[in-house]
Amino acid sequence: MTLISNLINGISLGSVYAIIALGYTMVYGIAKMLNFAQGDVIMVGAYISYICTTSLGVPALISILISMAVCTILGIMIEGLAYRPLRKASSLAVLITAIGVSYFLQNAALIIWGSTPRAFTSVVPFKSISLFDGQLTITPESLVTIAACVVIMVFLTLFTKKGKMGKAMRAVSEDKDAALLMGINTNRTISMTFAIGSALAAIAGVLLCSAYPVLIPTTGSMPGIKAFTAAVFGGIGSIPGAMIGGILLGIIEIFGRAYISTQLSDAIVFSVLIIVLLVKPTGLLGKKITEKV
Amino acid sequence: MLKVDDINVYYGNIHALKGISLDVNEDEIVALIGANGAGKSTTLKTISGLMHSKTGSITLMNEDISHAEAHKLVSKGLAHVPEGRRIFLQMTVQENLEMGAYTQPGYVKDGIADVFNRFPRLKHRKNQIAGTLSGGEQQMLAMGRALMSKPKLLMLDEPSMGLAPILVQQIFDIIKELHEAGTTILLVEQNAEMALQIADRAYVLESGRITLSGTGKELAASEAIKKAYLGG
């Protein structure tokens, strides 16, 4: 029974990673950059939802929507102010800027909300499910998280496969100049991608803090890095890859913690990244692209 | 229809176009010929807004487009098939065509029917990923995709590049057809012989300057051109 329980917890934690990784992977796929501030947007999302529910008395579900809206605007602002001026700069400059944005957000949160840990109340109103005479307990948070992850992945897949905007994103991802020649406003498309990634980060933040209810300004940084690992693990740029990578990573982390060592669980997670990069640098579902001349 | 007046374009410190002026009248085929690196592609990129000139002006249908952004020019009737085709290799043939009609959402269905009519080979490969097409098919797709925006002025950059002679002939036949159907064409070619055959007028570009211009026939008969571009 503990095995099943660990598996469910792993899938649930992995689903949070997967949602964040989807944001990483979409932004990488289209803007060809790693937005390391993604993890900190999670933290902002969680704080917004926390303030809405505790100080303003807003119902949990509406607090999530507010948090998504705030993070969407934040994402568009980050892209416009920090990354857009660097569109023609080297990727190293962009990477350093992303790390800078990440620290900026953490420290801004520290000034606004202080360093006192906040006890986040779960946004999921259901009771735990008890099976097999109480031998197996499933928290409603894990079920909601897993369900949210599946819904988001299906939505994003349909959006990029069938939607006009989604197709335009794929076009921009392949060839920015050619997309411009089709009349696609590439800057607006890239902002849209950041908007989607940040809205996903808000959802991930609320779900993460519902399951692990301690909220501090650095809450997002570790999950952010792990989600990045998940995105690389699954093959960065690939939507199903981010999902599979996230879930596998969650399972590895929980199993590592349960059966190997609590202290080493993070080390195990990052070892996975190193092994994947050595054995299959493009990730599980990543494609190696050869161009015809 | 298009008037380029004394444009100067730089890549960093490199002065790529040195005071280029040319014009394209309605219903003409105008060819721009010259050796590798003469500035032919740069000229097209500057017209379509992918690059911008430091000085000089570009006018499209009486509107100054010197500083316009590339994506805004498509709906003004300008289509540019870039060098190397630049189709979306990971998207299907159908999706590539849909992207071509990005600014003409109402035209997707009719446009695709028209393109398939013109290029029957593409119809059979509708759901195939564009990267799996042959070079000739990719060129057809690139041209079809450009037609999806209902262009008034179509700029083609080296449509014959890397194609077998029989396909080159086919592509040039299609260019003639498009012209007869009322599209104005600005054609960049290294294959000067083919280009001069179909062009009403042509310009010769050498290291960023226009050194000769005239009707297609005049240039084809010129000794200097024969020596430099037509193999004696």
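In this predicted model, helix 1 (residues 2-31) of chain A and helix 9 (residues 221-234) of chain A have axes that come within 8 Å of each other and cross at roughly 70 degrees. An angle from 65 to 115 degrees counts as roughly perpendicular. Helix 1 and helix 9 of chain A are therefore roughly perpendicular to each other. In general, a pair of packed helices is described by two values, the angle between the axes and the distance between them.

Which residues of the two helices make the contact? Helix 1 of chain A contributes Val16(A), Tyr17(A), Ala18(A), Ile20(A), Ala21(A), Tyr24(A) and Thr25(A). From helix 9 of chain A come Pro223(A), Gly224(A), Lys226(A), Ala227(A), Phe228(A), Ala230(A), Ala231(A) and Gly234(A). Sorted by class, this contact between helix 1 and helix 9 of chain A has 11 nonpolar, 3 polar and 1 charged residues.

Now take chain A as a whole. Its secondary structure comes to 11 helices and 4 strands. The radius of gyration of chain A is 19 Å, close to the 19 Å that the globule rule gives for 293 residues, so chain A is as compact as a globular protein of that length. Along the principal axes, the C-alpha atoms of chain A fill a box of roughly 65 × 45 × 35 Å. Of the 293 residues in chain A, 51% count as buried. Among the contacts in chain A with a separation of 6 or more, 76% are between residues 24 or more positions apart.

Next comes the place where the chains meet.

The last stop is chain B. Here 4 strands form an open sheet in the order 2-1-4-5, with antiparallel pairing. As a general point, strands of a sheet pair through backbone hydrogen bonds, either parallel or antiparallel. The edge strands in chain B are strand 2 (14-24) and strand 5 (63-64), each of which pairs on one side only. Strand 1 (residues 2-11) of chain B is joined to strand 2 of chain B by 8 bridges, and the two run antiparallel. Leu2(B) stands opposite Val24(B), which lies in strand 2 of chain B.

Notes:
Residues are numbered from 1 along each chain as its sequence is written. Chains are lettered from A and ligands numbered from 1 in the order in which they are written. This is a predicted model: local features need pLDDT of at least 70, side-chain atom pairs count only at pLDDT 80 or more; totals for chains, interfaces and linings use all residues. Axes are lines fitted to C-alpha atoms, for helices over the stretch in contact, and angles run from 0 to 180 degrees between N-to-C directions. Angles under 35 degrees count as roughly parallel, over 145 as roughly antiparallel, 65 to 115 as roughly perpendicular and the rest as oblique. Two residues are in contact if their C-beta atoms, placed from the backbone, lie within 7 Å. Ala, Val, Leu, Ile, Met, Phe, Trp, Tyr, Cys and Pro count as nonpolar, Asp, Glu, Lys and Arg as charged, and the others, Gly among them, as polar. The radius of gyration is taken over C-alpha atoms; the globule rule is 2.2 Å times the number of residues to the power 0.38. A residue is buried if 20 or more other C-beta atoms lie within 10 Å of its own, exposed if 12 or fewer, and partly exposed in between; C-beta atoms are placed from the backbone. Two strands pair if DSSP finds at least two bridges between them.
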